[in-house]
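Please open the structure in your viewer and keep the sequence beside it.

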Amino acid sequence: MSAIDNLPSLSKVIASHGLSARKSLGQNFLLDLNLTAKIARRAGELSDCDILEIGPGPGGLTRGLLAEGARKVLAIEKDERCMPALAEIAAAYPGQLEVINGDALEIDPLSHLTPPIRIAANLPYNVGTELLVRWLTPKQWPPFWESLTLMFQREVAERIIAAPGSKAYGRLALLAQWRADAKIVMHLPPEAFSPPPKVHSAVVHLTALPEPRYPADAAILSRIVAAAFNQRRKMLRGSLKSQAPDIEDRLLSAGIKPTERAEQVSLEQFCALARTFEK
Ligand SMILES: C[S@@+](CC[C@H](N)C(=O)[O-])C[C@H]1O[C@@H](n2cnc3c(N)ncnc32)[C@H](O)[C@@H]1O
């Protein structure tokens with residue numbers, strides 16, 4: 001019998017290590033290993049890849065990723081209490097699991113990983129969106145990762161895949177669809193988690209495009225789109241007035257009516273508008 005067969009169930013792990021869920025860390029754990037294996041399979045072909053996992057908690061998804069054949073998993077977890085449980089998994093997969101106890105928003109994981117790299121995470125929603133925006137907006141493209149497989153609150157997942165004209169359409173949709181193919185690959189009810197959250201969840205899979213769909217500077221595009229959607233009910237000539245005194249001319253040159261609202265503007269048009277700020 002191998003060490004992996006000796007790993008206890010996640011309910012036992014939680015009980016034996018006293019891992020009562022902390023709300024402040026957004027802890028809603030996945031305890032069903034069939035489910036975590038299913039999520040790991042949605043991350044794509046793992047056997048030749050290093051995986052960056054953020055927020056492994058007691059290690060349900062970590063076990064799924066390793067069982068699905070990941071070459072190596074680098075897991076960054078803020079909660080020190082999870083370290084003994086993760087050490088048990090590391091012992092079952094010698095040399096394949098490296099754990100860092102720290103804040104993923106402050107750690108640069110690159111020196112610990114070898115390409116090709118995929119990212120998988122079940123994170124609190126605010127940390128997840130902040131990291132997603134960071135991963136989508138590096139200056140250089142393609143990025144260090146090939147794909148992202150991320151759990152979100154269902155409404156956030158819908159914002160990532162939203163089309164123009166819909167209520168969910170905004171900065172997340174534009175940044176995600178500019179440089180990646182994004183789709184929802186799984187829906188999870190609250191009961192899938194312990195403790196169950198108040199909201200439904202969904203897993204989004206994003207594959208990095210070799211090149212962005214349209215040329216634009218990431219920082220400028222991000223700034224323009226944020227300003228446009230911060231006042232999404234306003235006409236763009238109003239919401240973007242602070243960006244440039246000649247904003248109406250810039251909008252017209254990008255093929256956008258200055259009286260339109262952000263919701264009606266396509267990704268291609270936002271990129272054209274961002275390019276007027278590069279000159
Ligand atoms: C929703 S739980 C998911 C845990 C585990 N992946 C699972 O699916 O059962 C989120 C995890 O992210 C961790 N976490 C929260 N903020 C973090 C941060 N800034 N950096 C690293 N981990 C964080 C929490 O401690 C928690 O273990």
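Begin by selecting the entire protein chain, which is a predicted model. Coloured by secondary structure, the protein chain shows 11 helices and nine strands. Its radius of gyration is 21 Å, close to the 19 Å that the globule rule gives for 279 residues, so the chain is as compact as a globular protein of that length.

Along its principal axes, the trace spans about 70 × 35 × 30 Å. Of the 279 residues in the protein chain, 40% count as buried. Among contacts with a separation of 6 or more, 66% are between residues 24 or more positions apart.

Now select two helices together: α2, residues 33–42, and α3, residues 60–67. How are two packed helices described? The description uses the angle between their axes and the distance between the axes. Here, the axes of α2 and α3 come within 8 Å and cross at roughly 60 degrees. The crossing of the two helices, α2 and α3, is right-handed.

Finally, display the side chains where these helices meet. Coloured by class, the contact of α2 with α3 comprises seven nonpolar, three polar and one charged residues.

Key
Residues are numbered from 1 along each chain as its sequence is written. This is a predicted model: local features need pLDDT of at least 70, side-chain atom pairs count only at pLDDT 80 or more; totals for chains, interfaces and linings use all residues. Axes are lines fitted to C-alpha atoms, for helices over the stretch in contact, and angles run from 0 to 180 degrees between N-to-C directions. Helices (H or I, at least four residues) and strands (E, at least two) are DSSP runs, numbered from the N terminus. A crossing is left-handed if the near helix is turned anticlockwise from the far one by less than a right angle, and right-handed if clockwise. Ala, Val, Leu, Ile, Met, Phe, Trp, Tyr, Cys and Pro count as nonpolar, Asp, Glu, Lys and Arg as charged, and the others, Gly among them, as polar. The radius of gyration is taken over C-alpha atoms; the globule rule is 2.2 Å times the number of residues to the power 0.38. A residue is buried if 20 or more other C-beta atoms lie within 10 Å of its own, exposed if 12 or fewer, and partly exposed in between; C-beta atoms are placed from the backbone. Two residues are in contact if their C-beta atoms, placed from the backbone, lie within 7 Å.
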